[in-house]
Amino acid sequence: MSPTAERFLWTMVVAAWIGALSSVTVGVVGLLVAALVVGVARRWWGYAILALLVVGQLSSWSFAQLGSVGEQPLVGEVRLITDPEPIGRGLRADVATPLGRLQIRASGRAADDLIDFLAGDRVVVVAKVVPRPAGSQWLLNRRVLGLLEVDRIVAHRPASGVRSVANSLRGLLEDGALSLGPEGQSLFTGLVVGDDRWQSPQTADAFRGAGLGHLLAVSGQNVAFVLLLAGPFLRRAPLWLRLPATLGFLGFFALITRFEPSVLRASVMAALAATATVAGRPGTGRAVLALAALILLTWDPLLAFSVGFQLSVLASLGIMVIGPPLAKRLPGPSGIRHAIAATVGAQVAVAPLLLATFDEVPVAGLPANLVAAPAAGPVMIWGMSAGILAGWSGGGLAELIHLPTRLLIGWISGTAEWASTAGLGSYRWSHLVAGLLIGVALIVIGPDASAWLRVGAAAALFAVLVAPVLTPRVMTGASVSGSGVNLWRDRGAAVVELEPRSRPADALEFLRSEKVVRIDLLVVDGASRGTVDAVVGRYREAHVLDASSASRRGAYQVGGLLVRFASSSRGVQTIVDRRSSA
């Protein structure tokens with residue numbers, strides 16, 4: 001495909017994305033008129049405008065169908081669309097009902113009954129429908145009309161047909177990985193089929209803080225491995241059967257991984273590439289990516305609002321556009337150069353979106369990916385092949401089969417934990433803007449500029465890259481609060497107080513963002529057991545102190561900090577002052 005055709009495709013993608021986000025409404029008549037004008041004019045910009053109008057109108061119609069339902073009882077059978085996942089002390093899952101798509105919220109006995117069910121299963125519930133919370137864009141993007149508060153589950157019917165086969169295969173993978181322990185099993189299923197529902201808050205935060213969360217979301221790498229494993233069968237199949245069989249493998253894998261946005265993108269790309277190859281018209285990866293994005297945005301305009309879909313497209317584009325030219329300029333062996341270039345390309349491409357969504361890009365992301373990502377591929381391949389055998393055999397044989405898995409997962413999780421707690425900090429918008437300006441300056445001055453000028457610009461860029469590492473988040477003697485966590489630090493000592501409103505994930509994220517690598521005294525002021533366990537699990541050297549009992553024991557000297565407790569009408573108050581060391 002020519003560069004001009006590629007640019008045209010990407011112009012169409014950008015136009016369609018704008019249309020989906022803006023939900024432009026012109027009506028059927030307006031679309032017909034626009035199509036007629038474009039057909040007569042036959043200009044590239046006309047087709048882009050038509051894509052914007054078509055996808056915008058489809059987006060408008062999609063939102064129009066998502067009016068919230070009213071409060072009412074519901075007694076009857078519903079079908080699980082997603083696998084149940086933990087939320088607080090209960091579970092949630094999207095379900096198909098006579099009223100449309102709702103999200104189950106279950107706790108207590110109902111959650112205990114729901115926990116082992118999977119997507120495609122049918123359950124009879126006694127529940128109450130309540131309207132979708134106002135302003136819940138996440139539920140709206142998932143096409144959820146309201147919430148289903150379950151009182152009890154009366155009956156259960158397993159999925160049938162191909163869904164049953166997919167669920168059985170997932171069950172085999174999970175059963176075979178029992179010897180890895182709960183944490184290892186959750187990482188295994190996350191790496192192989194993207195099922196990370198049962199990870200502990202500590203593990204989830206470690207992977208996010210290390211910039212490794214994408215390893216637990218099914219992507220193009222997983223799809224490529226599926227086709228690699230299916231290769232012997234596909235090569236032996238008759239020519240007329242190869243394309244349908246390839247598409248069947250892709251569709252079945254998408255079903256196993258629950259049609260997540262990233263796997264949809266990768267599966268559609270693989271399907272397009274296979275079809276183009278059979279037709280004798282193979283295209284570049286960039287063109288296939290653009291066409292896949294255009295098809296998916298037209299099929300479901302609400303994907304434009306999905307952060308997972310956005311990250312998937314941007315990361316793939318970064319690998320294809322930034323990776324190859326960077327690999328040519330890097331020294332060293334080819335394999336290492338291309339691995340580094342691909343990682344840098346993906347990280348640079350997604351950085352603006354990560355900053356806009358999460359307000360940070362971990363400095364540890366690049367080194368952590370270079371260290372951990374090579375181990376993820378073997379886990380995926382081994383899991384999709386030997387992992388099934390381990391599920392069939394069970395017992396000691398399954399443990400033996402998963403010995404390589406245990407070692408690889410230990411390496412990946414160890415890297416994530418180290419990188420997230422190393423205190424390297426995160427890049428913010430100021431770093432990104434400064435880095436872009438210096439990068440543009442380096443391009444502008446060119447290779448013919450004086451050596452001093454080029455060295456100075458390179459040194460400035462290096463200073464921007466290491467600035468988060470060298471800048472402490474909490475100055476000596478200062479205190480900072482957030483997410484139900486209070487932090488004091490002085491002379492290398494740190495005191496942390498957990499309030500009742502603190503939650504495990506929020507507490508860990510706050511401490512990580514403040515570059516806390518050690519806690520000397522952890523004061524528990526009504527925090528939940530889960531929050532305390534999560535923090536202690538990461539900061540194992542912390543001395544835990546319950547504020548209610550500590551108020552009767554006087555003061556505590558922690559480095560240059562004096563910690564004391566005072567009773568008040570609102571309970572026990574923690575008071576921290578700077579003092580000279582005793």
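A: Asp 506 is partly exposed, with a relative accessible area of 23%. On this scale, buried means under 20% relative accessible area, exposed means over 50%, and partly exposed is what lies in between (1.4 Å probe, protein chains only). The model is a predicted one, in which local features need pLDDT of at least 70 and side-chain atom pairs need 80 or more, while totals for chains, interfaces and linings use all residues. Residues are numbered from 1 along each chain as its sequence is written, and side-chain values use heavy atoms, without hydrogens or water.

The partner of Asp 506 is Arg 503: their side chains meet in a salt bridge with an N to O distance of 2.9 Å. A salt bridge here is a side-chain nitrogen of Lys or Arg within 4 Å of a carboxyl oxygen of Asp or Glu. Arg 503 counts as exposed, because its relative accessibility is 55%. Elsewhere, salt bridges with shared partners join Asp 83, Arg 170, Asp 195, Arg 197 and Arg 258 into one network. The rule gives a count of 24 salt bridges. In general, side chains of opposite charge can pair when their charged atoms come close.

Another of these pairs is Arg 142 with Asp 94, at 2.8 Å from N to O. Helices (H or I, at least four residues) and strands (E, at least two) are DSSP runs, numbered from the N terminus. Asp 94 counts as buried, with 0% relative accessibility, whereas Arg 142 is partly exposed at 25%.

Arg 152 and Asp 151 also form a salt bridge, with their closest N and O atoms 3.3 Å apart. Arg 152 counts as partly exposed at 47%, and Asp 151 counts as exposed at 53%.

The loop between α5 and β6 also holds Arg 143. Arg 143 has a positive phi of about 65°, although it is not a glycine. Most residues other than glycine have a negative phi. Arg 143 counts as partly exposed, at 24% relative accessibility. Arg 42 is another non-glycine residue with a positive phi, near 55°. Arg 42 sits in the loop between α2 (27-41) and α3 (44-64) and counts as exposed at 65%.

Next come the helices. The axes of α8 (residues 201-209) and α18 (residues 403-421) come within 8 Å and cross at roughly 70°. Helix α8 is therefore roughly perpendicular to α18. Axes are lines fitted to C-alpha atoms, for helices over the stretch in contact, and angles run from 0 to 180 degrees between N-to-C directions. Angles under 35 degrees count as roughly parallel, over 145 as roughly antiparallel, 65 to 115 as roughly perpendicular, and the rest as oblique. Gln 202, Asp 205, Ala 206, Phe 207 and Gly 209 of α8 meet Ile 412, Ser 413, Ala 416, Glu 417 and Ser 420 of α18. Contact here means heavy atoms within 4.5 Å.

Helix α8 also contains Thr 203, which is buried at 12% relative accessible area. Leaving aside residues up to four places away in sequence, Thr 203 touches Glu 183 and Leu 187.

Both α8 and α18 are among the elements that the buried residues of α22 pack against; the others are β11 (493-498), α21 (504-513) and β12 (521-524). In α22 (residues 529-538), the buried residues are Thr 531, Val 532, Ala 534, Val 535, Gly 537 and Arg 538.

A further buried residue is Gly 231, at 8% relative accessible area, in helix α9 (residues 220-236). Gly 231 is 40 residues from Leu 191 in sequence and 21 Å from it in space, C-alpha to C-alpha.

Leu 366, Leu 370, Val 371 and Trp 411 make a nonpolar surface patch of about 330 Å². Patches are made of residues with over 30% relative accessible area and no salt bridge, joining like charges within 9 Å and nonpolar side chains (Val, Leu, Ile, Met, Phe, Trp, Tyr) within 5 Å. Accessible areas come from the Shrake-Rupley method with a 1.4 Å probe, and for residues only the protein chains shown count as cover. Helix α16 (residues 365-393) gives the most to the nonpolar patch, with three residues. Val 371 is found in α16 and counts as partly exposed at 37%.
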